[in-house]
Amino acid sequence: MSKPFVLRVQASEGTKRIDLNSQDTFRRIYEKVAEVFSLPSVDGFTLYKEKNKQSPLPRMQNKNNFKHGDMIYLVAEHENLFPTTETTSSPHVALDFKADTPTNGSSYASPRLGSFQPHSTGKMNINSDLKEDDVDVQLDKLDGRIPRQRDPQLCHHNIHGKCIHCIPIEPYDEEFLKNRNPPIKHMSFRAYIRKLQSSSHSDRNTFASLENISCSIKEKCSTGHAPWPKGVCTKCQPNPVTLMRQPYRHVDNIMFENGNMVNRFLNYWRSSGHQRIGFLYGRYEVYDGVPLGVRAVVSAIYEPPQETSRDGVKLNLPDPHEALIDDLARRLNIRRIGWIFTDLVPDESKSGGGPVLHHRGNVNSYFLSAQECIMAAWFQNNHPNICKYSPDGYFGSKFVTVVVTGDVSGQIHFEGYQVSNQCMALVKSKILIPTYDAPELGFIRETSSEQYVPDVYYKEKDTYNNEVMKIARPLPLEYLIIDVPTGFPSADAQIQSTFNDDCTTVKTPFCVENRMQVGELQDMNALASYLKQFSKTGAAGVTTSSANQYKATDILADIHLLRYLAVNDIISFSMDQLDPLLDSIRTNDFNGVETWMEGSDWQTIVQVLQTQTPSSPSAGNRPSYMDYEDQNDLSSSLSQWNCPRCTFINAGSSRTCEICSCEKGS
């Protein structure tokens, strides 16, 4: 048996290798070359022994006379022999949209990398096939330049003229951003794109593409060598990463529509002392505080299933109702835009002048721990930002992180963050891990036989004030964190809340989901207690005995109540049944909500509540919604109570807990 050897084949697409033995014929060499270059046939090219095309190889069945390591040269007989990814007019992008969890096809999905065809020259056209966020479409239509008034001392031209002292400046102008009060530390992402377009000295339709960072080795290398750890080359291994502070951010401001939704979220910590995680649902809009800026407006906070303690939270994933919540949000024209978590430590000594300690967010502590950075990057990778300027179809993320902690005065404070695109790449490749005893430091894994890890560096100044490169083991997390201003609307701002959190006449909001640990249970008893405050119904709205006016939207415009209507075990509503109600809430049409409440779907709920009440009125005298003035106490018939200590559900007649003997109401 002849000994095998390697023959090298050089072509315009690169150099590849084929395995041969002395018994292989020239015809067999042509077939193997066509196979390794993925060519349809052997008729479209010729092989030569010399680079000057002087000695073509015959296509006969004669045996070859090559030696190990010899090189031959492939020359195409016509153009377009090799598959090309270059286009001339509109590059085609195919995206595979796949939701994070199984959905019914109506919820928001996260784009995954499909097949893309950018220009091979480093320039690319805008891909108009991608549907970007509405806020990005609006910003793309704006000029973006910042107008300046005529300076009476420096401008010597007439009122219609312009000079260097009064011409509009670009949205990425460093002096302008630095001189703002307060200074703008990060330009907006759209301003960053304008900067790239300006530096390319071309029109706004072409510029160097936004390439996503990859820290993973390619699984199938085009050179054909064995996979890692048996083989690696410069084509398949990722490039080293030098961590830099990101000069831009995808979201420039975070605003809650009102403070009541946050108070409902914090009530869990106030009643139990345990930390809590919630998902932020809202929308993105244009933000005037930063040139070409984006603001994340939070409309609601959904609390997924989780296990809480005083020192941490563990999410129970997957959430069985995640797809339903996303579908509800989509029909209300909002979506998941971030996550929020508490890190509150009560100040028992009252040394700080407030109820909580200031234990993070200063120079002596940290802003985000390594675990929190990894979690934020994981969420951002699952919610990428659709971007037509990237050959991958996405770049970065608008998903935000909000931390509820104490400020320097001991008051509850909200801090917003994002992590950089470099951090997203490190977490996506699973090479960034937390340290054991220093939450402000991360650590880059070592290369092993299971995973190739590129070198990750960061720069810092030594004792002689020289800038030196250091390996990221450990890694200061300040290189990965981007702070985002977070707050609430001002008193004179006219913000229309999506839900009824800011309705001051709603004294008892509907209970929040997944709060069994503090005795909150979403059931018919809770629904009856919530509806009890709305005693009478008129043609124009709902009124109480104290003559306070309610709109019908104030009753049902609650995301926690809408979720309960869709998932309760007694009478669950389908999305088709809830659609008219959701449309009316989205458009703030209380007449539409009244019409829905007069329908058979809501009246079925009313009948169920009445059948559980001993003193329910007769059917002929029943009002449109439900008359609770004729009932003494509906909740007395369903008067089970949860122990505040062990959360055991006790009978209403019992004054002490059957498990821990804790008194009712203690």
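In what order do the eight strands of the open sheet stand? The points below start from that question and treat a predicted model.

1. The sheet. The order is E27-E21-E20-E17-E13-E14-E12-E28, and the pairing is mixed. Strand E27 (481-484) and strand E28 (486-487) stand at the edges. Each of these two has a single partner strand, so one side of each has no neighbour in the sheet.

2. A parallel pair within the sheet. Strand E17 (residues 335-342) and strand E20 (residues 400-406) run parallel and are joined by five bridges. Strands of a sheet pair through backbone hydrogen bonds, either parallel or antiparallel.

3. A helix across the sheet. Helix H5 (residues 260-272) lies across strand E12 (253-256), strand E13 (277-287), strand E14 (293-302), E17, E20 and strand E21 (412-419). The direction of H5 is at about 55° to E14.

4. Arg 336. This residue is in strand E17. Is Arg 336 buried or exposed? Its relative accessibility is 9%, and buried means under 20%, so Arg 336 counts as buried. Leaving out residues up to four places away in sequence, Arg 336 touches Phe 279, Leu 280, Tyr 281, Glu 322, Asp 326, His 383 and Phe 399. The side chain of Arg 336 makes a polar contact with the side chain of Tyr 281 at 3.0 Å, and another with the side chain of Glu 322 at 3.2 Å. Phe 279 is 57 residues from Arg 336 along the chain, yet their C-alpha atoms are separated by 6.9 Å.

5. His 250. The loop between strand E11 (248-249) and E12 holds His 250. With a relative accessible area of 4%, His 250 is buried. Apart from neighbours within four places in sequence, its contacts are Phe 189, Val 294, Asn 385, Phe 395, Gly 396, Ser 397, Lys 398, Gln 418 and Asn 421.

6. Helix H8. Asn 421, listed among the contacts of His 250, is also one of the buried residues of H8. Helix H8 (residues 421-428) is mostly covered, with seven of its eight residues buried. Besides Asn 421, the buried ones are Gln 422, Cys 423, Met 424, Ala 425, Leu 426 and Val 427. After H8 comes Lys 430, which has a positive phi, near 60°.

7. Two packed helices. How do helix H6 (residues 322-331) and helix H12 (residues 575-586) pack? The angle is about 45° and the axes are 9 Å apart. H6 and H12 are therefore oblique to each other. On the H6 side the contact is made by Leu 324, Asp 327, Leu 328 and Arg 331. H12 contributes Met 575, Leu 578, Asp 579, Leu 582 and Arg 586. Of the residues in this contact, five are nonpolar, four are charged and none is polar. An α-helix has 3.6 residues a turn, so residues three or four places apart point the same way.

8. A hairpin. Strand E24 (residues 456-461) and strand E25 (residues 467-471) pair in the antiparallel sense over five bridges. Lys 459 has Met 469 of E25 opposite. Five residues lie between the strands of this hairpin, and in it Asn 465 takes a positive phi near 65°.

Notes. Residues are numbered from 1 along each chain as its sequence is written. This is a predicted model: local features need pLDDT of at least 70, side-chain atom pairs count only at pLDDT 80 or more; totals for chains, interfaces and linings use all residues. Side-chain values use heavy atoms; hydrogens and water are left out. Buried means under 20% relative accessible area, exposed over 50%, partly exposed in between (1.4 Å probe, protein chains only). Helices (H or I, at least four residues) and strands (E, at least two) are DSSP runs, numbered from the N terminus. Axes are lines fitted to C-alpha atoms, for helices over the stretch in contact, and angles run from 0 to 180 degrees between N-to-C directions. Angles under 35 degrees count as roughly parallel, over 145 as roughly antiparallel, 65 to 115 as roughly perpendicular and the rest as oblique. Contact means heavy atoms within 4.5 Å. Ala, Val, Leu, Ile, Met, Phe, Trp, Tyr, Cys and Pro count as nonpolar, Asp, Glu, Lys and Arg as charged, and the others, Gly among them, as polar. Two strands pair if DSSP finds at least two bridges between them. A polar contact is a pair of N or O atoms within 3.5 Å; within protein, one must be able to donate a hydrogen and the other to accept it, and residues adjacent in sequence count only if both atoms are side-chain atoms.
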